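Dear colleague,

Please find below the structure that I am handing over to you, together with its sequence. My notes on what was found in it follow directly after.

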Amino acid sequence: MSHTDRRKFLATTATVAAGAATGTLFAPEAFAQAAFSAKPETGAKLRVLRWKRFVAGDEEVWMANVKKFSEKFGVEVRVDNEGWEDVRPKAAVAANVGSGPDIVVGWFDDPHQYPDKLVDVSDVANYLGGKYGGWYDVCRKYGTREGKWIAVPLGVIGNAIVYRDSQVKAAGFDGIPKDTAGFLKLMQALKAKGTPGGFALGKAVGDGNNWAHWLLWSHGGKMVDEKGNVILNSPETVASLEYAKQLYETFVPGTLSWLDPSNNKAFLDGQVSLTGNGISVYYAAKNSPDPRLKELVADIQHARFPIGPVGKPTELMQVTQMFLFKYSKFPNAAKALLAFMMEAEQYNPWLQASIGYTSQPLKAFESNPIWTVDPKHTVYRDGAKIMLDHGHAGPLGYSSAAAMADYIVLDMIAEAASGSKSPKEAAERAHKRAERYYKV
Amino acid sequence: MLTRLLNNRNFLGLLFMLPLAALLLVFLTYPLGLGTWLGFTDAKIGRAGRWVGLENFEYLVGDPVAQLSLFNTLFYTIAASIVKFVLGLWLAILLNRHIPLKSLVRAVVLLPFIVPTALSAIAFWWLYDAQFSVLSWTLTRMGLIDRYIDFLGDPWNARFSAVAANIWRGVPFVAICLLAGLQTISPSYYEAASLDGATPWQQFRFVTLPLLTPIIAVVMTFSVLFTFTDFQLIYVLTRGGPLNATHLMATLSFQRAISGGSLGEGAALATLMIPFLLAAIMFSYFGLQRRAWQQGGGDK
């Protein structure tokens, strides 16, 4: 009796195990053949709130894709555009009052501020991940919470070093050095030649934060550890600030006042030989009717930020994600839309129309022709592949969002670089400010 | 019963005041009360807060950025208000004289006040640009300076630049209001004064100034309130940079509450502005409206 029981038991477990194994092993393959299966509710209507486009092509193709979706599934979709800095508070209010757009295309850690108000979209994300080569690690961190997907990453607004090839060559360098020590030498040489570079140290939400975080992390400094304990005041941070101080001496005057558009203007006017920016500078020159700017096009080059003593890339870029609120009456239609927009038939043309401004969160889209049609685009391909999240190395949520919005890292670097505070003091002050937000 | 009530003057008065009272209650008292209450909670955007008592205020009092913003706000308000008053009064007196094309000149003077602040601020942003400033360009061309002025990149330069932009915008308001005041002063006072042999300065000191004081009190109260709560100009010019040197309490409050999501803290910071605003109002109400002052004498 007991014998048969045990045999039966073994047999059953074996079957179950085999089933489970097949399930996990072959599920992505099976998915790959079929389209995403959520059936939109009949008579569904959706409202989407997204950030206002940076390049015209983005909105055109996005709306064309939405139209295709409406025709295919019979779902009416209304898309509202808001200035990119206004999406965050609007989404938060929608989460709080429990009504508003079904889907928000937001930024960074927005979904982590109200995870319990969002629909679990693991099915969509896993389906897409399985079909398109998987999500980059940083997208996984931004999109998931406690193992569940609460958002579908849409893309990364790329950031890189933009420089004047001729001026870098004149300073005796063949391209941008790969390490921070060499990079400092290049900046010093550029300054000596009378063609200095510069990075934004004013309240530049994008350009300022991006390079400031790169600088801090490149030397091993971090605001918090994995558990969210503030460890900003560290020898590594001070080292990064010492480096910032040396770098600042090579900058063009006025960087402390630079807001987001300032470096674009100065670069295009030929007053700055090197800066950190999206692909927009290159496109502004390329699309300009001004012959002086046309000449600049051939001379503009892009490169990755150099790698610091930590020995790996430490860049920050803007991640944008789509998330779906629980109050939505048509979650299946919304999920279908999320999946639809990320399918290759829609996503590839959209990525192309975004002319390199946005890069992909899913590995398969690395092969999009936009990255190779012009060799100067290629640098912007590897956004999600190499970047860190802004809450690095801690969790994402209120604290990471508030700390960045209060410019703690950028202020610290500006204080130390300009010499208004010593690196030690600047680190101490920033540490205190960070503790305020991470205390909960 | 109803007819009797409607014939009652007091009841009718109350009834007619009701709509206005409701408006004030809904659009002024309630938001102000809510804002103050939020200052005592740890509310975030999208999350109701719980009561934390004075915690936000305790933190802000010790926060170097908040302290700096208080200093900036006081400096900005005091410096800009004094200059606006002096220039405004001067301009008003000039405009009060018989000049050719009087009404056209008066209209032109108002222009800076009419242009939306966000737009004029963008113009100033270009004027002050580190690389493209036309001011620096002109001065270098004239050979007066050899490098561009870092208007917004140096803390004190940035403060003065912001104050200058605010003055440019604020002078017309002061000037036009004071001009209205000047025109209510009867010319017979001046005739009498000149018959008594008063010099122009004595006429100004003992006729114009005392009679203008009530208007000055009102205008300067408004001017101080506007300046103290200024937001747009700073937000466009610097967003509070460089090194937070131009962060006003209003801009810092926005940065913390809306961009950063810490609604409670931002509300607390906004609430901290109220005592200063009240002080400014009290000063004008009890000080500048004093009869003794208005009659040209001091306190006895």
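The cover over the buried residues of helix H9 of chain A includes helix H8 (180-192), helix H10 (235-248), helix H11 (262-268), strand E8, helix H17 (398-405) and helix H18 (408-418) of chain A. This is a predicted model, in which local features need pLDDT of at least 70 and side-chain atom pairs count only at pLDDT 80 or more, while totals for chains, interfaces and linings use all residues. Residues are numbered from 1 along each chain as its sequence is written, and chains are lettered from A and ligands numbered from 1 in the order in which they are written. Helices (H or I, at least four residues) and strands (E, at least two) are DSSP runs, numbered from the N terminus.

Helix H9 of chain A

Twelve of the twelve residues of H9(A) are buried, and the helix is mostly covered. A residue is called buried if 20 or more other C-beta atoms lie within 10 Å of its own, exposed if 12 or fewer, and partly exposed in between, with C-beta atoms placed from the backbone. The buried residues of H9(A) include A:Trp211, A:Trp214 and A:Trp217 as well as A:Asp207 and A:His213. H9(A) covers residues 207-218, and its twelve residues should span 16 Å at 1.5 Å a residue; the end C-alpha atoms are 17 Å apart, which agrees. The expected span is 1.5 Å times one less than the number of residues in the helix. After H9(A) comes A:Gly220, with a positive phi near 90°.

The sheet around strand E7 of chain A

In chain A, three strands form an open sheet in the order E8-E7-E9, with antiparallel pairing. Its edge strands are E8 and E9 of chain A, each of which pairs on one side only. On average, neighbouring strands of this sheet are turned by 30° against each other, direction ignored; the axes are lines fitted to C-alpha atoms, for helices over the stretch in contact, and angles run from 0 to 180 degrees between N-to-C directions. Two strands count as paired if DSSP finds at least two bridges between them.

Four bridges join E7(A) to E8(A) (residues 274-277), where A:Ile161 stands opposite A:Gly276. Four bridges likewise join E7(A) to E9(A) (residues 300-303), and there A:Tyr163 has A:Gln301 as its bridge partner. Five of the five residues of E7(A) (residues 160-164) are buried, so this strand is largely enclosed by the rest of the structure.

Two buried positions

A:Lys141 lies in helix H6 (residues 137-143) of chain A. A:Lys141 counts as buried because it has 20 C-beta neighbours inside 10 Å. Not counting residues up to four places away in sequence, A:Lys141 touches A:Asp389 and A:Leu396; two residues are in contact if their C-beta atoms, placed from the backbone, lie within 7 Å. A:Leu396 is 255 residues from A:Lys141 along the chain, and their C-alpha atoms are separated by 8.3 Å.

In chain B, B:Thr41 is found in the loop between helix H2 (9-39) and helix H3 (55-62). B:Thr41 also counts as buried, with 20 C-beta neighbours inside 10 Å. Leaving aside neighbours within four places in sequence, B:Thr41 is in contact with B:Gly49, B:Arg50, B:Trp51, B:Val52 and B:Gly264.

Chain B as a whole

Chain B has 14 helices and zero strands. Its C-alpha atoms fill a box of roughly 85 × 70 × 40 Å, taken along the principal axes. Of the 300 residues in chain B, 35% are buried. Among the contacts in chain B with a separation of 6 or more, 68% are between residues 24 or more positions apart.

The interface and the confidence values

In the complex, 29 residues of chain B are in contact with 31 residues of chain A. Helix H12 (residues 249-259) of chain B gives the largest share of the side of chain B that touches chain A, four residues.

The predictor gives the complex an ipTM of 0.82 and a pTM of 0.86. For chain B the mean pLDDT (the predictor's confidence in each residue, from 0 to 100) is 89, and 95% of its residues reach 70 or more.

With kind regards
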